[in-house]
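Biologist: I would like to go through the terms used for this model and see what backs each one. Please set each value against its cut-off.

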Amino acid sequence: MRAVEHGGDRYLLVKQSGESSLVYDPETGEERYLPNEELTVTGDSPLELAAGAVPEASRRILTAVHSEQALGLLVELDERGPMSVREVLGAYDLCESDLHGLFGELRAAGLVAETDVVGERGYRLTDLARDGLAELR
């Protein structure tokens, strides 16, 4: 398969004939024929385009979270609200360096943000993470 563009929309090329091509829209699941001369090969990865069928917030969680511990940390922040670093260290079996690494990855992915929790440094979920967890649940 190849990724193609038509009028600003991106599709997966399913089948090509002399005058038209069957294209698939991964976001809607719709298939339709379009004239070959109106299609442009984008060079984008067809698998990345196919991933567009998954909502952005869920996709971000699925690609950024590499362990059940990281996913559990997101779930706990969603259930309990913002938590201080001290509270997280005391509540879970993570050493400070592991926790720092997890929060660093989650911050880089835009899933958590630093916040003040009763005068201490802490973390909260971003709206993107909250939406992604809601979609996954």
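Modeller: Two strands count as paired if DSSP finds at least two bridges between them; strands (E, at least two residues) and helices (H or I, at least four) are DSSP runs, numbered from the N terminus. The model is predicted, so local features need pLDDT of at least 70 and side-chain atom pairs count only at pLDDT 80 or more, while totals for chains, interfaces and linings use all residues. Residues are numbered from 1 along each chain as its sequence is written, and side-chain values use heavy atoms, with hydrogens and water left out.

Biologist: How do you know that strand 1 and strand 2 pair?

Modeller: Strand 1 (residues 2-6) and strand 2 (residues 9-16) are joined over five bridges in the antiparallel sense, and the criterion asks for at least two. Within this pair, Ala3 stands opposite Leu12 of strand 2.

Biologist: Why are strand 4 and strand 5 said to stand at the edges?

Modeller: The open sheet has five strands in the order 4-3-2-1-5, with antiparallel pairing. Strand 4 (31-35) and strand 5 (40-41) each have a single partner strand, so one side of each lacks a neighbour in the sheet.

Biologist: What makes Arg137 and Asp78 a salt bridge?

Modeller: The term requires a side-chain nitrogen of Lys or Arg within 4 Å of a carboxyl oxygen of Asp or Glu. For Arg137 and Asp78 the closest N and O atoms are 3.1 Å apart, so the pair qualifies. Arg137 lies in the segment after helix 6 and Asp78 in helix 3, 59 residues apart.

Biologist: How do you know that the buried residues of helix 2 line one face?

Modeller: Those residues are Ala57, Ser58, Ile61 and Ala64. Seen down the axis of helix 2, they fall within an arc of 145°, so they line one face; the arc is that of the directions from the helix axis to the C-beta atoms. Leu62 and Thr63 are exposed on the other side of helix 2. The buried residues pack against helix 3 and helix 6.

Biologist: What makes a set of residues a nonpolar core?

Modeller: Its members are buried Ala, Val, Leu, Ile, Met, Phe, Trp, Tyr and Cys residues joined through side-chain atoms within 4.5 Å. The largest such core has 22 residues, and Leu74, Phe103, Leu111 and Val112 have the most contacts inside it. Elements supplying at least two residues each include helix 3 (68-80) and helix 5 (96-108). A second, separate core of six residues includes Val4, Tyr11, Val23 and Leu34.

Conventions. Buried means under 20% relative accessible area, exposed over 50%, partly exposed in between (1.4 Å probe, protein chains only). Contact means heavy atoms within 4.5 Å.
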